Amino acid sequence: MSGNIIFTVTANCRDCYRCLRNCPVKAIRVSGGQAQIDDTLCIHCGTCVRECPQNAKKIHSDLEAVKDLVKSRPVVASIAPSFAAVYSGKMTNRLPSALRQLGFKYVTETAEGAKYITEKSFEQGQRGNICSACPAVINYIEKYQPELMDYLISVSTPMVAHGRLLKSRYPDCAVVFIGPCAAKIGEAQRPDNLGAVDYVLTFDELDQWMGEDGISLNYCPESGFDNSSSIGDARLFPLDGGMLATGAINSELSSKDTLFIHGANAVLDLFHDKKTLGVLKYIEALFCTGGCIGGPGITNNKSIFERKRDVLSYWENAGDTIVEDAEDIPHFAQYSTKTANFDDVTQNQINMVLAQTGKSDPALQLNCNACGYKTCIDCAVAIVRGIAEPEMCMPYMKRLAQQRTDRIIETTPSGIVVLNSDLFMIHFNPAFQKMFKLSTGMLGRRISVLLDAEGYELMQSGVMDEFQSIKGTNGTRYHEVLYALREENQYVGIYSDISKLEMTEEQLGIVKEQTVYHAREFLEHQIRFSQEMAHFLGQSTAKSEEIARRLISLYEQEGNGGHI
C-alpha cells in the first residue's frame, strides 16, 4: 500500500479544525487551511474519520483489490467479533451466506484468534500488564511513550493470530480481515505480521460491496460459519473489558489489580500515570469509546449501547459445535520505537509567534481550543514546527478582521455616524467630522442639533428601516443613506458631500421631487393652519418656518449649468 492509511479529501475540508481538536496525538498538519493527516505522527485510531462533519477524512480502501482477489484464488473471510453490532438479529446468521455470494470460499469468526491470544496473554510468567489487542494502543506507545513498551504483553492481536491459524488450516487460501478498525490496515503491514492477513476491509466497505453487487441480507438464507475451534466468551472481545472476560479475569469494581479502560482520553491519562501502571496486574486498554464496537469502520445509526446489546445477544445465542483446540502457531509480537522527531523549539521562537498573534500578554492567551490545540503555547509550538498556521487562531483572526474594519471606517471619504436608540451620536469617523466641521465634543449630542433628523425619526418610529435623501445645511449639500440596526438598537448614517458635484438630469429630478414634496407639505400645513389658526398658531409658525428654511436651503447657492 502506498500513501496514508487515513487521508483527507481536500475538496471537503473546510477550515473547521474539528479533526485536530479531537485527534488525541495532534497528527494533523494544517497548510493553506487544509487539514492533512501526517502518517508519521498518526496512530490510525480513526478518531478524525468519526469526527469530521464534512466526511473529508477517509480510510484507505483495498476493496477493489479484494474484489479481484476473490475472482483469482480461494479466499477466507475473517470477521471481527464486533460484526454482531452491525449485522444483528437474524442478520448474524445470514452474513455468512452473503459473504459466500461475494466470492469467499470460507467464512470464519476472528473470535477464534481472540480466544487463542487471550490464553497466551494470561499464561503464568508472561511479561507486562497491558493487553495488546488494540493496534492503536501499540502505535501510540511506540510513537509517543516508548518507555511503556516493557509494560506491553508481547502477544499478537486476534486478527494476526487468526490469520496465521487460517493460513495453517487452508494453505492455498488468502485471508481478508473484515472489521471496524483503521489501525488494522497498518497492523497487517508490520514486518513481523507480514503474510498473516492479505487485505483488510471495514464493515462500511463490506456494506458498499454488497450494495454494488445487489446483495441484501434480507433475502440471504441463514448459514453457519466455518469455525474449527470453540469460541465461547471470546465473542465478548469487542466490548470494553471483553478480553478480560474472555480470559475469566476478575475485572469487577471490587478488583484492585485489574482495570479496563476505553476512549482516547482515558487511555492517555492512564499511560501518563506511571504509579498506577506499576501496581496493576492486568490492564485492558482500547482506544475507541465503547471498545471495538465504536470503531471508525462502523457508521450505522445505532448508539454504543444498542451495539453492545446486540453483541451480548449474539454471545448468548450463538452455539459452539466444534470443541477442538486451535493448533499452536507463532503468537509473539515485536515492538520498536518509532518516535516522530521534531526540531527543538526555543522559548524565543514561541514568544515570536505569541507576539505575532497578539498574545504576548498571558491574559490574552485564552486557551480556547478553537484552533484544535489545548493551549495557546501548544499552538505556538506547532506553528514553529510548521504543522499549524497563525490563521487557525480564531481570536487572532477576529481581532485582525476588526482592525481592518476599523481602518476602512476611519479612512473612507464618506462620513459615517452611529446613533443610539434615542438618536444621540455615539460615534462618527473623521470624514463626517470634517464634512460638518465638528469637534469631538459633539459626541453624545442629539443628531437633530446638527442635521435634519427626519429620516432617523421615521426609522425610530418603525415606519421604515432605510432612508435616502439629498439635503443641505450651512452651505453643505449632502446625500445621506440611513439604515437601522434593529438588534443593536442603533442607527447608521452614511454621508457624501455633493456640494461641488455636477448633477445629471436624473439627479436634479430627485432634488425637484423632494422640493415638491416639501412644498406640498408646506401647503397642506397652511391649510390646516387656516382651519385651526387659533389652536395651532404657535406650532404652525414654527413648522412653516422650518419648511421654508428647507426650501431655501435646497436651492441656496444654486449655480448655472445644473450645478448645486
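Between which elements does the loop that holds A248 lie? A248 sits in the loop between α10 (242–246) and β10 (258–262).

The model shown in all views is predicted: local features need pLDDT of at least 70, side-chain atom pairs count only at pLDDT 80 or more, and totals for chains, interfaces and linings use all residues. Residues are numbered from 1 along each chain as its sequence is written, and side-chain values use heavy atoms, with hydrogens and water left out.

**View 1. The chain as a whole.**
The chain has 20 helices and 16 strands. These are DSSP runs numbered from the N terminus: H or I over at least four residues for helices, E over at least two for strands. Of the 564 residues, 48% are buried. Buried means under 20% relative accessible area, exposed over 50%, and partly exposed in between (1.4 Å probe, protein chains only). Of the contacts between residues at least 6 apart in sequence, 69% join residues at least 24 apart. A contact means heavy atoms within 4.5 Å.

**View 2. Two non-glycine residues with positive phi.**
A248 has a phi near 55 degrees, a positive value in a residue other than glycine. A248 is exposed, with a relative accessible area of 70%. H44 is not a glycine either, yet its phi is positive, at about 65 degrees. H44 belongs to the loop between β3 and α2. H44 is buried, with a relative accessible area of 8%.

Strand β2 (residues 28–31) pairs with β3 in the antiparallel sense, over four bridges. Two strands count as paired if DSSP finds at least two bridges between them. S31 stands opposite Q34 in β3. Two residues lie between the strands, and G32 takes a positive phi near 60 degrees.

**View 3. An open sheet of three parallel strands.**
The strand order is β7-β11-β10, and the pairing is parallel. β7 (130–131) and β10 stand at the edges with a single partner strand each, so one side of each lacks a neighbour in the sheet. Five bridges join β10 to β11 (residues 282–286). Across this pair, I261 stands opposite A285 in β11.

**View 4. Helix α9 and its buried face.**
Helix α9 spans residues 203–212, and F203, E205, L206, W209 and M210 are buried. Seen down the axis of α9, these buried residues fall within an arc of 155 degrees, so they line one face of the helix. The arc is taken over the directions from the helix axis to the C-beta atoms. An α-helix has 3.6 residues a turn, so residues three or four places apart point the same way. The cover over the buried residues of α9 includes α3 (63–72), β5 (75–79), α4 (91–102), β8 (174–179) and β9 (199–202). After α9 comes G214, with a positive phi near 70 degrees.

**View 5. The largest pocket.**
The largest pocket has a volume of about 750 Å³. A pocket is an open set of points on a 1 Å grid over the protein atoms alone, with protein on both sides within 12 Å along at least five of seven lines; a cavity is a set where a 1.4 Å probe fits but cannot get out; lining residues have an atom within 4 Å of a point. Points are joined across faces, edges and corners, and a volume is the space filled by probe spheres set on them. The lining of the largest pocket has 29 residues, and C23, P24, V25, K26 and L268 lie nearest its centre. α1 (18–22), α2 (47–51), α11 (264–271) and α15 (376–385) each give two or more residues to that lining. By class, the pocket lining holds 14 nonpolar, seven polar and eight charged residues. Ala, Val, Leu, Ile, Met, Phe, Trp, Tyr, Cys and Pro count as nonpolar, Asp, Glu, Lys and Arg as charged, and the others, Gly among them, as polar.

**View 6. The largest cavity.**
The whole structure holds six cavities of 30 Å³ or more. The lining of the largest cavity comprises 21 nonpolar, five polar and one charged residues.

**View 7. The second largest cavity.**
The second largest cavity holds about 100 Å³ of space. Of its 15 lining residues, C13, C16, Y17, C19 and K57 are closest to the centre. This lining divides into eight nonpolar, three polar and four charged residues.
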